[in-house]
Amino acid sequence: PIPLIEAKNLKKYFKTPAGILHAVDDVSFRINAGETLGVVGESGCGKSTLGRTILRLLEATSGEVLYNGENILSYPRPQMKQVRLNMQMIFQDPFTSLNPRLSISSIIAEPIRVCGTIKSKQGVRDKVCELMEVCGLPDRYVNTYPHELDGGRRQRVGLARALAVDPKFIVCDEPVSALDVSIQAQILNLLMDLQDKQGLSYMFITHDLCVVRHISTNIMVMYMGKVVEYAPKEELFLHQAHPYTQALLSAIPTTDLNRRNRKRHALAGEVANPINPAPGCRFAPRCPYACERCKEPQALREVSPGHYAACVLCQE
Ligand code: SF4
Ligand code: MG
């Protein structure tokens, strides 16, 4: 089957005074309908830029983004506007993206009015009520304002607004990172519930491996703009092939994981910016296994069916 979303050799570079920042550097992946791709990495690894580039909130430097098999990067504005209805985004702090002067119902109604699929006022009102119910927001919040809600409910409003145009795909950029753990679980369960009922696909961006384990079908690990490992969720948690993924996982409390991760190295040092990066492995300065061969470019190689990693250790 054709994947719902596919990226091919996607690049997003930024010019900076210090040189060219390779924020997203030759990234490819597929997301099927009803599936979630978890995108993991430390802050600055390019995961948010990737999410925005997929939706054309940022224009790609090169590469392709296919929606249902068609390259949307070549779409002119009006056609893109149509496709955009199928592709929405929710953010870490919905507060900054919710207009503080609008009531909850107006916020959720806005995209419905803009896309014009429902004409009558009553029709819009009914749709807003339905969306609030789906997202677990009681009726009494209809006329409240964003500042009157806690973080979890604001995220529900952000989600209701994203769902207002009946999207097929949602980029979720750290949507639970600012919330208490108990509230996090509620929002994750809501997202998974919606996926079951409506067949939604997600790209779920996070630095939190416990969260990504909960929600993902496949997981993609990014480091300095590059994909270093990609695998089905369970496979990744059982057998990490890339030293960076191993280090990330060893940072999770051990009671949470199988024993094999216990003796692994914790991450030392800082992530540099991928400005004018050298051709070799970008993890080398922090990698306990780095050797001469790591100065050569590392492409993703299949280490087991559906499981890819970019590391010399995976060549044998
Ligand atoms: Fe470490 Fe070399 Fe593998 Fe990079 S390619 S992760 S430096 S062993
Ligand atoms: Mg980010």
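Reader: How do strand β3 and strand β9 pair, parallel or antiparallel?
Author: This is a predicted model. In it, β3 (residues 36–40) and β9 (residues 218–223) pair in the parallel sense, over four bridges.

Reader: Which residue is the bridge partner of V39 in β9?
Author: M220 is the partner of V39.

Reader: And what packs on the sheet there?
Author: Helix α1 does, touching β3, β6, β7 (169–173), β8 (201–206) and β9. The direction of α1 makes about 155 degrees with that of β8.

Reader: Back up a bit. How many strands form the sheet, and in what order?
Author: Eight strands, in the order β6-β7-β8-β3-β9-β10-β12-β11. The sheet is open and its pairing is mixed.

Reader: Which strands stand at the edges?
Author: β6 (87–90) and β11. Each has a single partner strand, so one side of each is left without a neighbour in the sheet.

Reader: What does the twist average?
Author: From one strand to the next, the twist averages 20 degrees.

Reader: New topic. Where is V271?
Author: V271 sits in the loop between α10 (243–250) and β11 (301–304).

Reader: Why does V271 count as partly exposed?
Author: Because V271 has 17 C-beta neighbours inside 10 Å; the partly exposed class lies between the cut-offs of 12 or fewer for exposed and 20 or more for buried.

Reader: What does V271 touch, leaving out residues up to four places away in sequence?
Author: E42, G44, C45 and M224. Y141, by contrast, is 130 residues from V271 in sequence and 43 Å from it in space, C-alpha to C-alpha.

Reader: Ligand 1 next. Which residues are closest?
Author: C281, A284, C287, C294 and C311, out of 13 residues that surround ligand 1.

Reader: What is the shell like by class?
Author: Eleven nonpolar residues, two polar and no charged ones.

Reader: What about phi at N9?
Author: N9 has a positive phi of about 45 degrees, although N9 is not a glycine. Most residues other than glycine have a negative phi. N9 lies in strand β1 (residues 5–16) and is exposed, with 12 other C-beta atoms within 10 Å.

Reader: And R56, what is its phi?
Author: Near 65 degrees, also positive. R56 lies in the loop between α1 (47–54) and β4 (62–67) and counts as partly exposed, with 17 C-beta neighbours inside 10 Å.

Reader: Last one. What does UniProt place at residues 5–249?
Author: The unreviewed UniProt entry has the feature "domain: ABC transporter" there. In the model, that span is 40% helix and 27% strand, and its end C-alpha atoms lie 27 Å apart.

Definitions and conventions. Residues are numbered from 1 along each chain as its sequence is written. Chains are lettered from A and ligands numbered from 1 in the order in which they are written. This is a predicted model: local features need pLDDT of at least 70, side-chain atom pairs count only at pLDDT 80 or more; totals for chains, interfaces and linings use all residues. Helices (H or I, at least four residues) and strands (E, at least two) are DSSP runs, numbered from the N terminus. Two residues are in contact if their C-beta atoms, placed from the backbone, lie within 7 Å. UniProt positions are given in the numbering used here, feature names are shortened, and annotations may be inferred rather than shown by experiment. A residue is near a molecule or strand if its C-beta atom, placed from the backbone, lies within 6 Å of it. Ala, Val, Leu, Ile, Met, Phe, Trp, Tyr, Cys and Pro count as nonpolar, Asp, Glu, Lys and Arg as charged, and the others, Gly among them, as polar. Two strands pair if DSSP finds at least two bridges between them. Axes are lines fitted to C-alpha atoms, for helices over the stretch in contact, and angles run from 0 to 180 degrees between N-to-C directions.
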